[in-house]
Amino acid sequence: MLGKIQKWGNGQGLQFTKDLLQEAQLNVGDEVSVSVQNGRIIVEPATKVRGKYNLKELVLRIPREYQTEELDWVEPVGKEEW
């Protein structure tokens, strides 16, 4: 698809066709992250983060050698099967 950057008010804009947005799984009103990498403009869906933490970033900070373990907090009180 060829497009043309146009002046919109005090800014510039680029229109996307409905088909292109569908292929990118985006809708009108969705928030996007816009960045520049190696001279290319990258537009991708914004990841909404509740609060101030991003789960993906937190998981990346877990040391590779970390081993999980199972914890048993209480004794069964009924007919639970574990």
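**Reading the loop, the patch and the pocket**

Mentor: Asn-38 sits in the loop that joins β3 and β4. Helices (H or I, at least four residues) and strands (E, at least two) are DSSP runs, numbered from the N terminus. This is a predicted model, in which local features need pLDDT of at least 70 and side-chain atom pairs count only at pLDDT 80 or more, while totals for chains, interfaces and linings use all residues. Residues are numbered from 1 along each chain as its sequence is written, and side-chain values use heavy atoms, with hydrogens and water left out.

Trainee: In what sense do β3 and β4 pair, and over how many bridges?

Mentor: Two strands pair if DSSP finds at least two bridges between them. Here β3 (residues 32–37) and β4 (residues 40–45) run antiparallel, over six bridges. Ser-35 faces Ile-42 of β4 across the pair. The hairpin has two residues between the strands.

Trainee: What is the phi of Asn-38?

Mentor: Most residues other than glycine have a negative phi. Asn-38 is not a glycine, yet its phi is positive, about 55 degrees. Gln-25, in the loop between α1 (18–23) and β3, also has a positive phi, near 60 degrees.

Trainee: Is Gln-25 buried or exposed?

Mentor: Buried means under 20% relative accessible area, exposed over 50%, and partly exposed in between (1.4 Å probe, protein chains only). Gln-25 is exposed because its relative accessibility is 69%. Asn-38 is exposed too, because its relative accessible area is 80%.

Trainee: Which residues form the nonpolar patch on the surface?

Mentor: Like charges are joined within 9 Å, and nonpolar side chains (Val, Leu, Ile, Met, Phe, Trp, Tyr) within 5 Å. Accessible areas come from the Shrake-Rupley method with a 1.4 Å probe, and for residues only the protein chains shown count as cover. The members are Met-1, Ile-5, Leu-14, Phe-16, Leu-20, Val-32, Val-34, Val-36, Ile-41 and Val-43, with about 960 Å² of accessible area together. Two or more residues come from each of β3 and β4. The largest share, three residues, belongs to β3.

Trainee: What is the volume of the largest pocket?

Mentor: On a 1 Å grid over the protein atoms alone, a cavity is a set of points where a 1.4 Å probe fits but cannot get out, and a pocket is an open set with protein on both sides within 12 Å along at least five of seven lines; lining residues have an atom within 4 Å of a point. Points are joined across faces, edges and corners, and a volume is the space filled by probe spheres set on them. The largest pocket has about 470 Å³. Of its 18 lining residues, Leu-14, Phe-16, Val-32, Val-34 and Val-43 are the closest to its centre.

Technical notes
Patches are made of residues with over 30% relative accessible area and no salt bridge: like charges are joined within 9 Å, nonpolar side chains (Val, Leu, Ile, Met, Phe, Trp, Tyr) within 5 Å. A salt bridge is a side-chain nitrogen of Lys or Arg within 4 Å of a carboxyl oxygen of Asp or Glu.
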